[in-house]
Amino acid sequence: MNLRSQGVVHHTGDALEDGMLESAGAHTAKYIIVLCRDNQDGHSDSLTFDILHRIKALNSSAFIMAEAINDKNRPRFKDAGANAVIRPVRAYPEMLTLLDRSGH
């Protein structure tokens, strides 16, 4: 079974542009994963924080997972609306998994 048949949609765009999150369906999504722009640049956390703030402004009820470069930003991301904050191993993307609220 492929991901698209499960309702998964991958959207790449500039979430910092007004209207882009809405056009991607962020306001109706069940899950949102925000990956950092550059996993080697600590400034990417600033962009992720801004995106989380914008998602929160949409009153999204989605489970939001965000990637943090700096582990010290985990509490800030959670305060901004992230339900989970991760630091995936990019060499093994299959290790990035998301469980739904029932544990599946």
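**Notes on the predicted model**

1. The backbone nitrogen of cysteine 36 lies 2.9 Å from a polar atom in the side chain of glutamate 67. The structure discussed here is a predicted model, and this distance, like the others below, is computed from its atoms.

2. Glutamate 67 belongs to strand E2. Is this residue buried or exposed? Its relative accessible area is 0%, and glutamate 67 therefore counts as buried, the cut-off being under 20%. The side chain of glutamate 67 also makes a polar contact with the side chain of arginine 87, at 3.4 Å.

3. As to the overall arrangement, the protein contains three helices and three strands. Read from the N terminus, these elements follow the order α-β-α-β-α-β. Of the contacts between residues at least 6 apart in sequence, 55% join residues at least 24 apart.

4. The protein has 104 residues, and buried residues make up 30% of them. Its accessible surface comes to about 7200 Å², and carbon and sulfur atoms account for 53% of that area.

5. The largest nonpolar core comprises 16 residues; Ile32, Val34, Leu52, Ile55 and Phe77 are those with the most contacts inside it. Two or more residues of this core come from each of strand E1 (31-34), helix H2 (44-57) and strand E2 (63-67). Which element provides the largest share? Helix H2 does, with three residues.

6. Isoleucine 55 is one of the core residues with the most contacts there. Leaving aside residues up to four places away in sequence, isoleucine 55 touches Leu21, Ile32, Val34, Ser60 and Ile64. Two of these partners, Ile32 and Val34, are themselves named among the core residues with the most contacts.

7. Aspartate 50 is also placed in helix H2. Its relative accessibility is 29%, so aspartate 50 is classed as partly exposed. The side chain of aspartate 50 makes a polar contact with the side chain of arginine 54, at 2.5 Å. Along the chain, aspartate 50 and alanine 80 are 30 residues apart, while their C-alpha atoms are separated by 8.7 Å.

8. The loop between H2 and E2 holds asparagine 59. This residue has a positive phi of about 60°, although asparagine 59 is not a glycine. With a relative accessible area of 67%, asparagine 59 is exposed.

9. Serine 23 lies in helix H1, which spans residues 20-23. This serine is exposed, because its relative accessible area is 53% and the cut-off for that class is over 50%. A polar atom of the side chain of serine 23 lies 2.9 Å from the backbone oxygen of methionine 20. Serine 23 and histidine 11 are twelve residues apart in sequence, and their C-alpha atoms are 9.5 Å apart in space.

10. A final point concerns confidence. The average pLDDT of the protein is 81, and 79% of the residues score at least 70. Over which residues does pLDDT stay under 50? This applies to residues 97-104, for which the model has 13 contacts beyond four places in sequence. Where pLDDT is low, predicted coordinates should not be read in detail.

Technical notes:
Residues are numbered from 1 along each chain as its sequence is written. This is a predicted model: local features need pLDDT of at least 70, side-chain atom pairs count only at pLDDT 80 or more; totals for chains, interfaces and linings use all residues. Side-chain values use heavy atoms; hydrogens and water are left out. A nonpolar core is a set of buried Ala, Val, Leu, Ile, Met, Phe, Trp, Tyr and Cys residues joined through side-chain atoms within 4.5 Å. Buried means under 20% relative accessible area, exposed over 50%, partly exposed in between (1.4 Å probe, protein chains only). Helices (H or I, at least four residues) and strands (E, at least two) are DSSP runs, numbered from the N terminus. Contact means heavy atoms within 4.5 Å. A polar contact is a pair of N or O atoms within 3.5 Å; within protein, one must be able to donate a hydrogen and the other to accept it, and residues adjacent in sequence count only if both atoms are side-chain atoms. Accessible areas come from the Shrake-Rupley method with a 1.4 Å probe; for residues, only the protein chains shown count as cover. pLDDT is the predictor's confidence in each residue, from 0 to 100.
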